[in-house]
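Please load the model in your viewer and keep the selection panel open. The tour below goes from one selection to the next and says what is found at each.

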Number of protein chains: 2
Amino acid sequence: MANLHLNVSEVLDHISLDCVIFGFHDNELKVLMLRLKHTNAYALPGGFLKHEETLEQAAERTLKERTGLDNIFLKQFKVFSDPNRDKLKKDNPEFLKNEPPEVVAFFNKRFISVGFYALVEFSKVDPQPDALSEACEWISPFADVEMFIDHKDIIDKALTTLRIQLNQQPIGLKLLPRKFTMPQLQKLYETILGRELDRRNFQRKILSYKILNKLNERKTGGAHKAPFLYEFNRESYKQALEDGLSGIW
Amino acid sequence: MANLHLNVSEVLDHISLDCVIFGFHDNELKVLMLRLKHTNAYALPGGFLKHEETLEQAAERTLKERTGLDNIFLKQFKVFSDPNRDKLKKDNPEFLKNEPPEVVAFFNKRFISVGFYALVEFSKVDPQPDALSEACEWISPFADVEMFIDHKDIIDKALTTLRIQLNQQPIGLKLLPRKFTMPQLQKLYETILGRELDRRNFQRKILSYKILNKLNERKTGGAHKAPFLYEFNRESYKQALEDGLSGIW
C-alpha cells in the first residue's frame, strides 16, 4: 500500500528543499541524515512547498515532520538546479513501488532544491525518524556512505558556506559551555574548518573581534598551569551577529 | 496577436528568476530596469528555467535576451517565495491580453523567484530592451516609481547583500580607474552604503586589508597638495576574492 501519504495537489511541482543540520559536540562535526527504508542510502531531511507557505515556513515544517526538531534557526544558502541532479531516482526507485500514479508522476518530474542549513549542539537535540525512514543518524559530512541523489554535494556546499560564515559571524554561544578556555574555542573552529590553526594567530584574531570577556578564573584540574576561562560578551556578540565580525564600514 | 512568444512547454512551472544589475559610475549607484510596454511599471530583467539548463545558465541567458548584456558575473543571493508576491498580476494584466490560453494559465500559477545580482560600471555596458519593453533604464534603487510585483523588495534584498559583501570581498577593480585616490575609493564605498564614512577609519580599515599599493605619484590638478595615487595589488586582490578580506582562519 502507498507509504508516502503525499497529496500532490497540496504542493508545487518542481520545487523541493533540503535541510543540512550540522551538529557539533565534543569536537566532532556531524550532519543529520535519515537512513531510508528499503535502501542503504542516506538522505537529508527534505520536502516540498505547499501553496500558502514561504520556503522558510516549508523548511521549518519539513524539518519538524521528518525529524521532530524545531526552534532551529535555518538559513537559506543556495538553490541546486543541475538538470541531472535527480535523474538516478528515475530508475524505478523502491520508495515509489506502491504509490498511486499521480505520486509517481510527481516524483518523475525535474526538481530544483533550495538548501537550508543550521548548526546545533547535537547532544541537546533529539531527532526522531518519520515513517519513511529507518533511523535519524548523525554522520560525518565526509563519510563514505551512499547518499540519495546529490545530497553529498548539498552537504559540501553547506559546509563551505558554514566555513565562510566563520569570518563574518561569531559562533559558539550555543555550542560551548558558558565559561570556556581559548583552546576549547579554537577546537570549535578547527572542527568546523577541518584543519589545525596556529594557536597564537587564532587567539590574536579572535581577541581582535572584542566578543570575549576574559575572566579572573582558571580552568580547574590538570597538572600544568590551567588556562584562563573566557565567556562571550553578549552585547558584543549580538552586535557582531548583526553587523558582522569586522563591524560596519 | 500574442507578444510574449513564450513556449510554455519549454520551461518549468512555478520557477522564475530575476537579475538585479547594479551600476556604478561617477559616484552614483543605479539599478537596471525595463520599462514595460502598456504600463508605467518598471521590472527587473527576469525569466524562466528551461528543462536542460541550470538556474545560473538561465540567468545568463535571460539577461542577454532581455537586455543584450553578457559576460556579467551574476551571483545567486536569495529565493523569494512569499505566496502573495505575484498576486497583483492576476487582475487581468495588460501583457496577457492577447496571449493564448496556455500562456495565461502558466502566468496565473504561483511563482517563486531566484534572485541574482551583479555590480558593473554602467558607462561600460550598453543594455538594449527586448520586444516586451519600451526601454532599458538605469534608475536609482530608491526611486519612487511603480515596480512590477515585489521587484522593489528584490532590489532591497540585493542591495543589503551587496553591502554585506563589502566586508567580505574587495571591490573596485572594474569600477575605478587603474590609479585612484583614497577619497575616490572611499566614495565608491559610500555610494554603495548610502552614507558617509569617517575618512581616517576608512583609510585605516582598507589599508589593513593589504590589497592596495601606494604609488609614488600624486593626482595632478587641484589647488591643494594632491592626494597620493593607489592601485590594487592584483595578487592580493585575487587572494582576498578567494579567501575573503579577513583572510582565512
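Predicted model: local features only at pLDDT ≥ 70, side-chain atom pairs only at ≥ 80, totals over all residues.

Residues are numbered from 1 along each chain as its sequence is written, chains are lettered from A and ligands numbered from 1 in the order in which they are written, and side-chain values use heavy atoms, with hydrogens and water left out.

**Domains of chain A**

Begin by colouring domain 1 (8-164) and domain 2 (172-243) of chain A separately; such bounds come from an automatic or database domain assignment. Their centres, taken over C-alpha atoms, are separated by 32 Å, and the contact (heavy atoms within 4.5 Å) draws on 11 residues of domain 1 and 8 residues of domain 2. About 840 Å² is buried between these domains, with carbon and sulfur atoms giving 68% of that area, where buried area is the accessible area (1.4 Å probe) that two parts lose on being put together, summed over both. Next select A:Phe24, A:Asn27 and A:Arg163, which supply 58% of what domain 1 buries against domain 2, more than any other three residues.

**A:Val120**

Move to A:Val120 in strand S6 (residues 112-121) of chain A; strands (E, at least two residues) and helices (H or I, at least four) are DSSP runs, numbered from the N terminus. A:Val120 is buried, at 11% relative accessible area (buried is under 20%, exposed over 50%, partly exposed in between, with a 1.4 Å probe and protein chains only). Leaving aside residues up to four places away in sequence, the residues that A:Val120 touches include A:Phe24, A:Ile72, A:Trp138 and A:Leu175.

**Two helices of chain B**

Now select helices H4 (residues 182-193) and H5 (residues 199-208) of chain B, which pack at an angle of about 95° with axes 11 Å apart. Axes are lines fitted to C-alpha atoms, for helices over the stretch in contact, and angles run from 0 to 180 degrees between N-to-C directions. H4(B) and H5(B) are therefore roughly perpendicular, the term for 65 to 115 degrees. Among the residues that meet are B:Tyr189 in H4(B) and B:Phe202 in H5(B).

**Positive phi in chain B**

Finish with B:His5, a non-glycine residue with a positive phi of about 50°, and B:Asn27, also not a glycine, with a positive phi of about 60°. B:His5 is exposed at 72% relative accessibility, whereas B:Asn27 is partly exposed at 38%.

Methods
Parallel < 35°, antiparallel > 145°, perpendicular 65-115°, else oblique.
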